[in-house]
Amino acid sequence: METQIIDGKSLVAEYQEKMKTQVERMSRIPTLAVILVGNDPASEIYVRHKRQVAERVGIVSELFQLSPVMTQEALIAFIQELNANDKVDGILVQLPLPKHIDADAVIEAIDPNKDADGLTSANLGHLFVGKPNLVPCTPMACLDLLKTVCPVLQGKNVVIVGRSKLVGKPLSQLLLDENCTVTQAHSKTVNLKKVCHEADILIVAVGKPNLITKSFVKKGAIIIDVGINRLKNKKIVGDVDFKKMLGHAAAITPVPGGVGPMTVTMLLHNTIQISKKRQKNN
Ligand code: NDP
């Protein structure tokens, strides 16, 4: 069996071209405020990449790099200022935050109508009651990549490994809305191998290199690998043993170059949606 490598890059290029045209037609350029607390090197790289892509699409991206010792109260007050700032459309808080700050409380401080990551309870709630507003970026990215190789998802047996608020849970809801039969696995799942082997579509969002080996995967299954793991030799790999899937899986996303770039694209998609809505309401 020839395994199709799901080409994140070409889908990203297509989306970004469309977004650029949308932005050019808008009466005001959308603005995304990116908050980075501290100077974690991985976060700095992610933020830089997000800003580069924003620029490519024509969106203004303002970076606010704040002190690592900033208090939670001060950070929330800063977000409230951005909420009230008419010039700001989307707000993104780069995670993780320093340990002394409760990330949930900070995310909740974002105005749900400016929530570019779609992670506030209000936006997750809209998704779960079937009225999506701003949807988390990584789950949207997974769904769009999946549709390039499997346009009809109805009836598919999907196993998602991981149940975080950021990826696993909202993705499960998106796939239920596509009429898939969804199983959500996690660290307490008994016999993960057997559970994964049932999947027509296996999505892995854990953060453990090579967690998923060939024996976990049914021949001909489609694999979406969300994991990003930096090895000691600095190489970036996913959660799935990619090489062993070649000739075994029907299709797989590469890491890097799969879900990651598409996630950034979805962030900009959300920012444009926010800006369009705000421009319409003004
Ligand atoms: P979290 O740490 O929040 O969640 C990890 C999930 O994996 C948890 O539900 C946990 O279970 C589960 N888990 C942990 N160990 C096992 C195991 N041995 N077997 C089965 N399940 C296990 O991570 P995130 O969801 O935030 O991120 C997951 C991965 O995706 C990371 O590598 C992250 O870097 C990457 N990521 C990539 C993005 C992209 O753009 N490509 C965006 C976001 C994340 P339990 O709930 O029981 O603890």
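Colleague: Over how many bridges do strand β5 (residues 157–161) and β7 pair?

Modeller: This is a predicted model, with residues numbered from 1 along each chain as its sequence is written, and local features need pLDDT of at least 70. Side-chain atom pairs count only at pLDDT 80 or more, while totals for chains, interfaces and linings use all residues; side-chain values use heavy atoms, without hydrogens and water. Strands (E, at least two residues) and helices (H or I, at least four) are DSSP runs numbered from the N terminus, and two strands pair if DSSP finds at least two bridges between them. β5 and β7 pair in the parallel sense, and the number of bridges is 4.

Colleague: Which residue in β8 is the bridge partner of Ile203?

Modeller: β7 also pairs in the parallel sense with strand β8 (residues 222–225). In β8, the partner of Ile203 is Ile224.

Colleague: Are the residues on the two faces of strand β7 (residues 201–204) buried or exposed?

Modeller: In a regular strand the side chains alternate between the two faces of the sheet. In β7, Ile201 and Ile203 lie on one side, and Leu202 and Val204 on the other. With a 1.4 Å probe and protein chains only, under 20% relative accessible area is buried, over 50% exposed, and in between partly exposed. All four residues, Ile201, Leu202, Ile203 and Val204, are buried.

Colleague: At roughly what angle do the axes of helix α6 (residues 137–149) and helix α7 (residues 168–177) cross?

Modeller: Axes are lines fitted to C-alpha atoms, for helices over the stretch in contact (heavy atoms within 4.5 Å), and angles run from 0 to 180 degrees between N-to-C directions. The axes of α6 and α7 come within 9 Å and cross at roughly 40°.
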